[in-house]
Amino acid sequence: MSDKLQPLTSEEMQAQLDRSPFIAFLGLKVTATDPAKEEVTMTCSMRPEFERGAGTGQWHGGPIAAIIDTVGDYALVMALRRGLPTINFRVDYLRPAIKTALTTTARVRRAGKSVGVVDVDVFNDQGALVAVGRATYSTLQA
């Protein structure tokens, strides 16, 4: 029998997301996982609490950043099967996201023994790139 961990399935990942009060509030839904490509895709619907201004339908940057950090983390969690602390994080906002759900895809760029690096793309319903993020996570055992 192999000691190598099996990657999280989409269902296991969704169950982990749903157990976190904050992530459950975000409403992230796993739509695709590809352990071979080290890639995860999730969607998130707009809700009034995410608006930059009441009634505008425009996403505030804070929820977008939280989504990027979470989906990026889970690209590594998929293989490691445990939560990872964020070391460094950045977001570039490219265009406003207005009256749209968001689709976020995270790709592992490095999965080292002590550090993992993930690039994250956020798209609106029309497929336009809204934001990009890069995050570094500690992959060390606690």
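α3 (61-80) and β4 (102-111) each supply at least two residues of the lining of the largest pocket. The model is predicted: local features need pLDDT of at least 70, side-chain atom pairs count only at pLDDT 80 or more, and totals for chains, interfaces and linings use all residues. Residues are numbered from 1 along each chain as its sequence is written, and side-chain values use heavy atoms, without hydrogens and water. Helices (H or I, at least four residues) and strands (E, at least two) are DSSP runs, numbered from the N terminus.

**Largest pocket**

- The volume of the largest pocket is about 300 Å³, taken as the space filled by probe spheres set on grid points joined across faces, edges and corners.
- The lining has 18 residues, and Glu-38, Leu-76, Ala-79, Leu-80 and Ala-111 are the closest to the pocket centre.
- A pocket is an open set of points on a 1 Å grid over the protein atoms alone, where a 1.4 Å probe fits, with protein on both sides within 12 Å along at least five of seven lines; lining residues have an atom within 4 Å of a point.
- α3 gives the most to this lining, with 5 residues.
- By type, the lining residues are 11 nonpolar, 3 polar and 4 charged (nonpolar: Ala, Val, Leu, Ile, Met, Phe, Trp, Tyr, Cys and Pro; charged: Asp, Glu, Lys and Arg; polar: the others, Gly among them).

**Positive phi in loops**

- Arg-81, not a glycine, has a positive phi of about 65° and is found in the loop between α3 and β3 (86-93).
- Arg-81 is partly exposed, with a relative accessible area of 31% (buried is under 20%, exposed over 50%, partly exposed in between, with a 1.4 Å probe and protein chains only).
- Lys-99 also is not a glycine and has a positive phi, near 50°; its place is in the loop between β3 and β4.
- Lys-99 is exposed, with a relative accessible area of 66%.
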